[in-house]
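Good morning, and thank you for making time for this presentation.

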Amino acid sequence: MFEEYPEVLNVDEACELLRCGRNRLYSLINSEDPKNRLKAYKNGRVWKIPRRAIEQYILEQSRLSKI
C-alpha cells in the first residue's frame, strides 16, 4: 500500500501518510478508545509508528478489514 515509505516512520512521515497534522496524530496515538488508537511506540523521546500500524488503522477506520 505504502511501499515507498520506510517500515518505521517518524511523526512527520506519518502525518504525511495520513494527511493530518501533528496534533491529530498525537491524539490518535494517545486515544483512550482502542478502536481509534494508532499503534506506536516511543524510542527515547521520539515517537515511532510502524507503517503496518498505519495501514491497519486505515483499513479498520474504513471498515475494509472485514472484507
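Is the crossing of α1 and α3 left-handed or right-handed? In this model, which is predicted, the two helices make a right-handed crossing.

Let me describe that pair in detail. Helix α1 covers residues 11-18 and helix α3 covers residues 51-61. Their axes lie 11 Å apart, and the packing angle is about 30°. An angle under 35 degrees counts as roughly parallel, and α1 and α3 are therefore roughly parallel to each other. On the α1 side, the residues that meet α3 are Ala-14, Leu-17 and Leu-18. Their counterparts in α3 are Ile-54, Tyr-57 and Ile-58. By class, the contact of α1 with α3 consists of six nonpolar residues, with no polar and no charged ones.

The axes of α1 and α2 come within 10 Å of one another, with a crossing angle of roughly 95°. That makes α1 roughly perpendicular to α2. From α1, the residues in this contact are Val-11, Asp-12, Ala-14, Cys-15 and Leu-18; from α2, they are Arg-22, Leu-25, Tyr-26 and Leu-28. Here the division is seven nonpolar, no polar and two charged.

Which residues of α1 are buried? They are Val-11, Ala-14, Cys-15, Leu-17 and Leu-18. Viewed down the axis of α1, these buried residues fall within an arc of 165°, so they line one face of the helix.

Ala-40 is located in the loop that runs between α2 and β2, the latter being residues 41-43. Is Ala-40 buried or partly exposed? Its relative accessibility is 29%. Since buried means under 20% and exposed means over 50%, Ala-40 counts as partly exposed.

Setting aside neighbours within four places in sequence, Ala-40 is in contact with Ile-29, Trp-47, Lys-48, Ile-49 and Pro-50. As for Asn-10, this residue is 30 residues away from Ala-40 along the chain, and the C-alpha atoms of the two are separated by 9.9 Å.

Thank you for your attention.

Note on methods:
Residues numbered from 1 in each chain as written. Predicted model: local features only at pLDDT ≥ 70, side-chain atom pairs only at ≥ 80, totals over all residues. Heavy atoms only, no water. Axes fitted to C-alpha atoms, helices over the stretch in contact; angles between N-to-C directions. Helix = DSSP H or I, 4+ residues; strand = E, 2+ residues; numbered from the N terminus. Parallel < 35°, antiparallel > 145°, perpendicular 65-115°, else oblique. Left-handed = near helix turned anticlockwise from the far one by under 90°. Contact = heavy atoms within 4.5 Å. Nonpolar A, V, L, I, M, F, W, Y, C, P; charged D, E, K, R; others polar. Buried < 20%, exposed > 50% of the residue type's maximum accessible area, 1.4 Å probe, protein only. Arc of directions from axis to C-beta.
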